[in-house]
Amino acid sequence: MKKKMTSVAFNGTAEQLAKLDELIAKHKGEKGALMPVLQGAQGIYGYLPIEVQKHIALSMDVPLSEVYGVATFYSQFILNPKGEYAVSVCLGTACYVKGAGLLMDKLESLLGIKNGEISNDRKFSLDATRCIGACGLAPVLTVNEEVYGRLTPDMIKGILDKYN
Amino acid sequence: MIKNIQELTAIRDAYAGKINFRQHNPGVEVSDGNIKKHVLICGGTGCTSSKSVQIKAKMEEAIKEAGIQDEVQVVLTGCFGLCALGPIVIVYPEGTFYSRIEIKDAETIVKEHLVGGNPVKSLLYSQTVKGDEILSLNETAFYKKQKRVALRNCGVIDPECINEYIGTNGYMALAKVVTEMPPDDVINTILESGIRGRGGGGFPTGRKWMFAAAQPKGQKYVVCNGDEGDPGAFMDRSILEGDPHALIEAMAIAGYAIGANQGYVYVRAEYPIAVNRLQAAIDSARKEGLLGKNIFGTDFEFDMQIRLGAGAFVCGEETALLTSIEGNRGEPRPRPPFPAVKGLFGKPTIINNVETYANIPQIILKGADWFKSMGTEKSKGTKVFALGGKITNTGLVEIPMGTTLREVVEEIGGGIPNGKKFKAAQTGGPSGGCIPASKYDVEIDYDNLIAQGSMMGSGGLIVMDEDTCMVDLAKFFLEFTVDESCGKCAPCRIGTVRLLEILNKITEGNGEMEDLDKLEELANYIKSASLCGLGQTAPNPVLSTLANFRDEYIAHIVDKKCPAGVCKNLFTYKIDLDKCVGCGMCAKQCPADAISRTDYVAEGHKLASMTIDASKCVKCGACLPTCKKFNAIYKG
Amino acid sequence: MMENMVNVKINNKEYSVPANSTILEAARYAGIDIPTLCYLKDINEIGACRLCLVEVKGARGLCAACVYPVNEGMEIQTNTPAIRKARKTNLELVLSAHKKKCLTCVRSTSCELQKLCLEYGVDEDHFQGNNNSYPIDFSTASVVRDNEKCILCRRCVAACKNMQGIGVIGANDRGFDTHIASAFELKLGQTSCIGCGQCIVACPVGAIYEKDETQKVLDAIADPTKHVAICAAPSIRATLGECFGYEPGTDVEGKMVAALKALGFDGVYDMNLTADLTIMEEATEFLGRFKEGKNLPLITSCSPGWVKYCEHYFPEFVDNISSCKSPQQMFGAMYKTYYAEKVGLDPKDIVFVSAIPCTAKKFEVKRDFQNAAGVPDVDIAITTRELGRMIQQAGIDFKALADEKFDVPFGIGSGAGAIFGATGGVMEAALRTAAEVIEGKKLEKLEFDDVRGTEGIKRAVYKLGDVTVRVAVVSGTANAKKLLTAIKNGEEQYDFIEVMACPGGCVNGGGQPTQPAVVRNNVDLKALRASVLYTADKNMDLRKSHENSAVKMLYDEYFGEPNSHKAHEILHTKYVKRGL
């Protein structure tokens, strides 16, 4: 799977940067430290944007292409942040014929973001997923682990309100 | 700090009683001072996800309320193995086996059993209740045929208490080797035991050690492969969660044998409980001086650290694992040179998996002859299997090598649910193959499985019944390897994708007979030409299903039919108009509005029957469960 | 000696081969070629393409000959039906994921994959399936990358990272989605790529190639309002012949000149002249800095790949780089000022072309501070490969050409200028001139042997008169990184350093004719090509830059003296600190 890159502006804080530097310092001189550093950095930022990878590359004297090569090899690393509430709309066949596309449209307009994006306050991210096997409830969406089924576009607002 | 073997022995003796208390040996008197009951709660990943930690808290609260906290010890242990019945609670000394416990049951058990002395029959695992008699877990079919060596402490000790591990003779083997045995003797013992790697290829462990030991003195490494990635296999996780000190002890023994002072354990990041328990265990071993310098007062020093995987199945391949620890993309490298000669950071390295290590301390303590007495001629000892798929007792079992597949499935595994027939068992995960019903009596060991076109792998054993489509199964595993191929060598990177495309073509009903030749040609090529074990074994599911179930492939191609009714393009849902009672429940479930009412009223029914418009149906199957009672919907 | 040999059987015949060989090497001793795609000796030994598979008795599966060590008694089969079938299947799979634009591909007929496919009688449509699509990256001035032709042998990655120490490209993503690109899919032009083109000469197929500018040259020649002149860099006369089937290491200067004239240039000149001019400027600059003890070590500026490398990776050394333009740029600058004035040409009507071994020069012509006459000093830089294609397209029978001489007055170059094309050449040329200036008498021996040879880092100390000069010669940016780091850490000190971005210098430049791996792995191309230049130097009477009469003429008629104000305005330039 090709890794999806983010369209969200980087808004790392000085505090996060200090933590990252501390992490890098802790692993200084340790052989093969790139993986633990990337894992730690993802813990700090929630994802690994170019700004973070560049900082790691420069601090550890590793080419950025190598850092990125590692980050895109392992499925655990993500380049695109997930929202506090990750909204996924099932676009499997059953859901699609039941109007999942309309749910997606409604979500995009209510959240002001497009499929694959995250809101500026990082509260919501929006994705399409393949069939999650809840065809009997079609069309369905999930918010984190919670499944909502038999939806119509006018029910979307009520669901989002629960998390606002 | 434990400075010598005497101090270790003292702790062992102090805790041995506690451990004995938890071994149900009828007729043997056990005692643990003032403590009358031990309540063991499974803290493995499965039971934890069904709230065993909260059950433990509730249990302790209830025990306190009842005022018996000085008489009862509650222990969160590793996995008992019978995950299908979790969360599991066992009460000793009688070995009463509670299954599928909920938080609300905690109080009942405390009141009726711990205080009242009467096991709560309604909460017991049904197979342990024979009329008035209550059996211990060791007397159930699931446990009776097992022989727990690698798993011996899982579900017995508190993995976070080093003293409990010592109570099981823990660290005695390490003490013995560093104080009494020259490294060569250690290697000879392992060699003689005949133990082979439990993680995949089954290479003799002692030979690996011998090669690494033969390298010139200098920096060497001991690595543990805990990157258990086969879908459905979790024996390594269970050992890490249930008996982490066994791994630490074994790695230190290996370090002593080959002359290494540093170990790395590479564990999947998806195993947080295992990682935390192992880290806690490493910390306490260090605190007790069992890791670090001057172990047991000798010159021997050894320390270890954990490295986390990051979601790449290929890192279970030993050279990929090493490249990953070195901080790179987990791409395998060619062998030779083998890791024993040029491994981690270019230094001699041995890599064994968790289960292999878990056997080592006992081989040292009980001797090679003891180990050799179990198993078959070329496969010694036991093997842990993760039973899954269409089998009653899903979970973890450890059996002597040579046990037949039938025994494992029918007796230990409790057979196939819903009266369905055994069709095949898949071993070795995406690297393995399937063993058909005609080979049900095969004795499971390394060589027999390979002879069947499958392999031991890490020990996943997935049972399939007549509802499984073997072409679809091959496709499932191939999709997995395509996703997990590292992309370095051409045969695996491109070949597996082309293989999958041909399978897709067949399952979509567009296959031609020539495709079968192409599949075989390509599969054999990938097997012989790929750089690493992942690629070399990736075609196995295709080859073994082709060998054993060729007629199913032909049915897909020639008749455009999927005999098991799995491949969506090759069947339609239909309603038997005469069975249909016209309740309309199916239409309500249908996401595609493909079901409507006909004019036909079947004899004896009041309402007109329903029918499915094949052109609208998306084959999601949502209608099927609504008709369970009338069984009018079928695939045709 | 004997104990270091082992006996092996290859295709049923016994051979004694060095104990540390791989099967591939052992087979070569036996005169047997095993096909490879990903293997480049010492640079890329990863066993990934699986084309060199052979049968080894007792081994499980087939073995990759390129990385499999031999041992005593080993029995190897390199050409059985099973192996031929495996190789054919391999090639068919690779082709199923390859953009087969072979008819129009720049590497058609020099493509290693194409050659093997022919040899193995491959059916190019045997396997068919879906492939990922990738945009072609045109973003740099030097290099074009077409990932749909990439076969993922990773030779380019190894050249960039292992050989050059740069690593602006690498493998991204995993499995079938693996592809070679920069981090975050940045275009190469957005990275710290130096344009050295070593990835191009490493590529076995047409996935990386130079930005072709031959059409621009042809258009200019066809335009009657333009005066089109070309100068040929020192090293390309040692390599151009390879485009026409000559063995590497053949001097084709006369034919090259004849071909350039046949192409219709209005002036065909020798860049060796401005190599000499560079020496005059740079040696003077060095003596000045050496006297003042300022901005030392002085580091040469001839190699634009190196200059860009320094600007990106060692900006703290930018002030150490000589302010001299490179010989290419000096030529254009001089031509559009001095010569234009002299013959009454408007610089705007001149199209100045250089024929160079280098892809980084395509970037250099576009740099700021390289426009002495108000227009770019050099308009178009074409590589040896592009020149070869132009000659072919023009229907010129290169091998049949009679030798011709460069045009006057810019056809005179010294032996010192000639050796610029090999690593150490600039240093030696500068030392010849500096020594005579300092000592005030003729050198007895002109050869400075310590700075010759293809080694990556060469160090020497010379006593010139009563001063001691510590010099170093570096080729390949990975070696530059090593040396500069040592200087930065105070571990080594130098007064004068020559750096060439490409290992071996310009003879091994990224714009030179490609040679298949089988040649690269078995022939020392760098030394062979350099030998042409050293032989030419040895056979010349004029071997010192300051004795070049054309150089003297330039100073007498126009620049006055080296490092004069006018020389500074026209022949010197400035750099930028780019960082990463």
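The model is predicted; local features need pLDDT of at least 70, side-chain atom pairs count only at pLDDT 80 or more, and totals for chains, interfaces and linings use all residues. Residues are numbered from 1 along each chain as its sequence is written, while chains are lettered from A and ligands numbered from 1 in the order in which they are written. The predictor assigns the complex an ipTM of 0.94 and a pTM of 0.93.

**Contacts between chains**

- Chain C brings 25 residues into contact with 24 residues of chain B, two residues being in contact if their C-beta atoms, placed from the backbone, lie within 7 Å.
- Helix α2 (residues 81-96) of chain C contributes the most to the side of chain C that touches chain B, with six residues; helices (H or I, at least four residues) and strands (E, at least two) are DSSP runs, numbered from the N terminus.
- That side of chain C comprises 15 nonpolar, eight polar and two charged residues. Here Ala, Val, Leu, Ile, Met, Phe, Trp, Tyr, Cys and Pro count as nonpolar, Asp, Glu, Lys and Arg as charged, and the others, Gly among them, as polar.
- The contact between chain A and chain B takes 21 residues from chain A and 21 residues from chain B.
- On the side of chain A that touches chain B, α2 (34-45), α4 (64-73) and α5 (93-97) of chain A each supply at least two residues, and α5(A) gives the most, with four residues.
- By class, this side of chain A has twelve nonpolar, seven polar and two charged residues.

**Domains of chain B**

- Chain B is divided into domain 1 (8-144), domain 2 (168-372), domain 3 (382-468), domain 4 (471-557) and domain 5 (572-635), with bounds from an automatic or database domain assignment.
- The C-alpha centres of domain 2 and domain 3 of chain B lie 28 Å apart, and their contact takes 15 residues from domain 2 and 14 residues from domain 3.
- The side of domain 2 of chain B that touches domain 3 has four nonpolar, six polar and five charged residues.

**Strand β17 of chain C**

- Five of the five residues of strand β17 (residues 496-500) of chain C are buried, so β17(C) is largely enclosed by the rest of the structure. A residue is buried if 20 or more other C-beta atoms lie within 10 Å of its own, exposed if 12 or fewer, and partly exposed in between, with C-beta atoms placed from the backbone.
- C:Phe496, C:Glu498 and C:Met500 lie on one side of β17(C), with C:Ile497 and C:Val499 on the other.
- Strand β16 (residues 467-475) of chain C runs parallel to β17(C) and is joined to it by five bridges; strands pair if DSSP finds at least two bridges between them.
- Strand β12 (residues 298-299) of chain C also pairs with β17(C) in the parallel sense, over two bridges.
- C:Ile497 stands opposite C:Ala472 and opposite C:Ile299.

**Backbone details**

- Most residues other than glycine have a negative phi, and most peptide bonds are trans.
- A cis peptide bond joins C:Leu296 and C:Pro297, with omega about -5°; C:Pro297 lies in the loop between α8 (272-292) and β12 of chain C.
- B:Tyr171, although not a glycine, has a positive phi of about 65°, and B:Tyr171 is buried, with 28 other C-beta atoms within 10 Å.
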